[in-house]
Amino acid sequence: MNSTNNSVDTHQRTDSAWIITVFAGVMAALHIWKLPAAIPVLQEELQISLFLSGVLLGVVQVAGMVGGLAMSLLAEIHSQRKIMLLGLILLVCGSILGSFSPSAGMLLGTRIIEGAGVIMCSVMGPGLVRAHAPLKRMNLAVGWWAAFMGTATFFGILGTAISLQFISWQTWWFILGLLTFVPIALILKFVSATDPGGGSSTKSAFRKIAVTASSGRVWVSGLIFGCYTVQWMAIVGFLPTIFREDGLSPILGGLFSAVVGGLNALGAIITGVLLQRGIAGKHLLLGSFVIMAVTAVLTFAIDYPKTLVLVQVLCVGLFSLCGAAVPATMTRLAVDLAPEGGSAPAAMGLMQQIFNIGNFTGPMLVAWLVVFTGGWSSTWWVSVFFGTLGLAMVLVLLPRNSPLNSIQHA
């Protein structure tokens, strides 16, 4: 297995470095989650259908669908820090260009640029966190990294819902583009340029990636990750739209949706603590998929009156909170899953590539179901199907001397 720790000097293991890396991940993911609360406005101004809204939600994942392994190749040859900086620069460009979009077509194109930036940051982040976090806080630091998406969901949805009451969506896109310069400056100052992934020759890098890509358990791990993202991205991404159709104000619907996303971040941090205390990853994964399926049924199969909307929020909140165990556990295991002679960044890249397929297809699948069945009540079908598939994949992975059976302390 390719170690990511040995080539980093002790003085590089600082809390500031891994915290800034997590912050950079949050800023990157904000560009995904600035969209959901803006969908009703975009539908009105750009004449976007519900299905096209699903495409806009998912298209930011296109780069991740095709570029995960390519990013890991860059990580083997160049500095992971450089690739993350490049990703943030792409996000600046994509968001600012998007603010000038006169049509859905151009907005779609800028979302793909943003997607390339997000995949660069999300593939490089775990390696940078592991390289710079003090060893005694390794699992906790990785848990915080796994919380970056939920944290961004909270601030992205709530920030957009509030901001669009006072400014146009174009101005909000422009502001977020400018704010993304902040993590760029912090990384340049506080995150060490010495990077354990860099320095390999192209031939050596290709060999490591080929070894990793031939590992069955890395593919199965990616499928586990994908079974989570296909349902979480679709359900949480459409929550502001669902709550607005239920008659809630944009601010209140945005607040409820943001809390649901924030609970995902809290769940990831709790998972990091549980892993630090020696709880087996298999228990967290199995329990997570079961709870997600049950709470999805409770959220969507029941036609709640408006007076019980808080019950629905509680159910989808539990869905998000407990679902976080999947990305937190799989992110922590990515390095351990890399085969002998393989590449940890490639393992993470391949997993990212697969779960981004889930991110891309989930919103479109749910949007199609809603149009086909005439309501959101069919949404739980997606969660139950992929939850069952996720459970099966976890069981497939267990017998193969899997690190799911235990987590070694860093």
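Q: In which helix does Asn 264 lie?
A: Numbering starts from 1 along each chain as its sequence is written, and side-chain values use heavy atoms, with hydrogens and water left out. Helices (H or I, at least four residues) and strands (E, at least two) are DSSP runs, numbered from the N terminus. Residues 250-276 form the helix that holds Asn 264, and that is helix H13.

Q: Is Asn 264 buried or exposed?
A: Buried means under 20% relative accessible area, exposed over 50%, and partly exposed in between (1.4 Å probe, protein chains only). Contact means heavy atoms within 4.5 Å, and beyond four places in sequence Asn 264 touches Gly 150, Tyr 228, Trp 232, Ser 320, Leu 321, Gly 323 and Ala 324. Its relative accessible area is 2%, so Asn 264 is buried.

Q: How many helices and strands does the chain have?
A: Of its 410 residues, 61% count as buried. Among contacts with a separation of 6 or more, 86% join residues 24 or more positions apart. The count by element is 18 helices and 0 strands.

Q: Which elements of the chain have the lowest and the highest mean pLDDT?
A: Over the chain, pLDDT averages 84, and 89% of the residues score at least 70. Residues 1-11 stay under 50, although the model has 25 contacts for them beyond four places in sequence. Where pLDDT is low, the predicted coordinates should not be read in detail. The lowest mean (69) belongs to helix H4 (residues 62-77), and the highest (97) to helix H9 (residues 169-179).

Q: How far apart are the C-alpha atoms of Leu 57 and Phe 238?
A: Leu 57 lies in helix H3 and is buried, because its relative accessibility is 0%. Phe 238 is one of the residues that Leu 57 touches, and the others are Leu 35, Pro 36, Ile 39, Met 233, Gly 237 and Pro 363, not counting residues up to four places away in sequence. Leu 57 and Phe 238 are 181 residues apart along the chain, yet their C-alpha atoms are separated by 8.8 Å.

Q: What is the relative accessibility of Ile 175?
A: Ile 175 has its place in helix H9. Its C-alpha atom is separated by 9.7 Å from that of Val 92, 83 residues apart along the chain. Ile 175 counts as partly exposed because its relative accessibility is 32%.

Q: Which helix gives the most to the lining of the largest cavity?
A: On a 1 Å grid over the protein atoms alone, a cavity is a set of points where a 1.4 Å probe fits but cannot get out, a pocket is an open set with protein on both sides within 12 Å along at least five of seven lines, and lining residues have an atom within 4 Å of a point. Of the 20 residues that line the largest cavity, Phe 148, Met 149, Phe 225, Pro 327 and Phe 355 are the closest to its centre. Helices that each supply at least two lining residues include H1 (15-33), H8 (148-163) and H17 (344-373). With 5 residues, the one that gives the most is H12.

Q: How many charged residues are in the lining of the largest cavity?
A: By class, Ala, Val, Leu, Ile, Met, Phe, Trp, Tyr, Cys and Pro count as nonpolar, Asp, Glu, Lys and Arg as charged, and the others, Gly among them, as polar. The lining of the largest cavity has 13 nonpolar and 7 polar residues, and the number of charged ones is none.

Q: What is the volume of the largest pocket?
A: Its lining has 9 nonpolar, 3 polar and 3 charged residues. A volume is the space filled by probe spheres set on the grid points, which are joined across faces, edges and corners. For the largest pocket this comes to about 280 Å³.

Q: How many disulfides does the structure hold?
A: Cys 121 is buried because its relative accessible area is 1%, and Cys 315 is buried as well, at 10%. A disulfide is a pair of cysteine sulfur atoms within 2.5 Å. The number of disulfides in the structure is 0.

Notes
Predicted model: local features only at pLDDT ≥ 70, side-chain atom pairs only at ≥ 80, totals over all residues. pLDDT = per-residue confidence, 0-100.
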